[in-house]
Amino acid sequence: MKALLFERSLPRFAAARVAGAWAPGGGAKVGPLHLADVDPPELPGPGWRRITPILSGICGSDLATVDGRSSRYFEPIVSFPFVPGHELVGHLEDDPAARVVIEPVLGCEARGIFPPCDACAVGDTGGCRHVAFGHIKPGLQTGFCADTGGGWSSSLVAHESQIHAVPEALSDEDAVMVEPTACGVHAALAAGPVSDATVAVLGAGTLGLTTLAALRRLALPGHVIAAAKHPEQRRWARELGADEVVAPDGVARAVRRQTRSMAAGPVLTGGADVVIDCVGSADSIATAVAVVRPRGRVVLAGMPGVVRLDLTPLWHREVQLVGAYAYGIEHGAGPDASGSSPGRSGPLPRTFHLALDLVGEAGLGRLVGARYPLDRFTEALTHAAEAGRRGTVKVVFDLRPESRLPAWRSA
């Protein structure tokens, strides 16, 4: 089968890092990623299913990997060679009429580990302690594990604990947005209670926009300020729930005006109750710490990589800095499909269930703006790296056979 394969190669990784620093997405041309003919992954054991991808998204973490910018923190929890692609909608090979999305985290159940860790035991798979153990190779998620394959191919395997059925009402474009929307839901709910609060969202790419949609529909904040760099991002930010949209260099001014704060050097005397950083750069994290109020909360949703940051204001102002990775169960999000509510007996809602609902309600499939076949992967990755500037939000690989491609496929 055809697959985009990422192999361990230090020289190519170094070349990708140089090329990616020169031009975002440039690592695709010289790095360890290449189109290959490979055998489909074997089914690791009982409960595993084979999936044929339809659409598979390109994530910011994928771009960081391709451009050699990912942190060495991930080395023990990734196995090579791997096929990227964790945002996907596909068909079950043994039931072609069934469309599914996968919850990529490879937790204890998928790894055949019993009893499960404390996190997996309650459904909080994003906090699994065993992502390097069990009967499959290390890999924090599908798309970073040598044994599972990934969405940038014509076939992969997933454990039944990862699989969610796609409602008929959702289009393929809606469905491929479920995983990134789950990340946005988790980030929005990591903000904690925000009723009547001022919330700033930094970044208006896929993660920032899905976080805005989740905030507006699940958390009900008082006033949302979004920082968006490009015109199309600003339009989407307004449409998906921001009360105020500003350029990145206008965040401090907007927060100061909304909260009636004063500037005290690089920080505000007051500030936003919560700042959600959906970028993960040194500049965006520094901005988040500068514009959050004393004893406020900064949610780090964008994958940061290696950054240098002065944490003095974090210490002095007793700011909470929390990470928001992946998904699992959500506290404080209301009752799930069983009717049970958080804080009472019964299950908490799963992030993916909330995301499936949100994608349909907000029509987030509209964010899919460009589709490429696998053999044009260098163009696809370059487009994804420049998506904001080019007026696009989500770029995906279209894995359908040529005979089944829609006439309107772009790019």
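Ala-326 sits in the loop that runs between strand S15 (320-323) and helix H12 (351-362). Helices (H or I, at least four residues) and strands (E, at least two) are DSSP runs, numbered from the N terminus. This is a predicted model, where local features need pLDDT of at least 70, side-chain atom pairs count only at pLDDT 80 or more, and totals for chains, interfaces and linings use all residues. Residues are numbered from 1 along each chain as its sequence is written, and side-chain values use heavy atoms, with hydrogens and water left out.

Phi of Ala-326 is near 60°, a positive value in a residue other than glycine. Arg-260 also has a positive phi, near 55°, and its loop lies between helix H9 (251-259) and strand S11 (263-264). Buried or exposed: which is Ala-326? Ala-326 is buried, with a relative accessible area of 6%, while Arg-260 is exposed at 80%. Here buried means under 20% relative accessible area, exposed over 50%, and partly exposed in between (1.4 Å probe, protein chains only).

## Two cis prolines

Most residues other than glycine have a negative phi, and most peptide bonds are trans. The bond from Phe-80 to Pro-81 is cis, with omega near -10°, and Pro-81 is in the loop between helix H3 (60-66) and strand S4 (88-92). Phe-114 to Pro-115 is cis too, with omega near -5°.

## The whole chain

The protein chain has 13 helices and 17 strands. Of its 411 residues, 57% count as buried.
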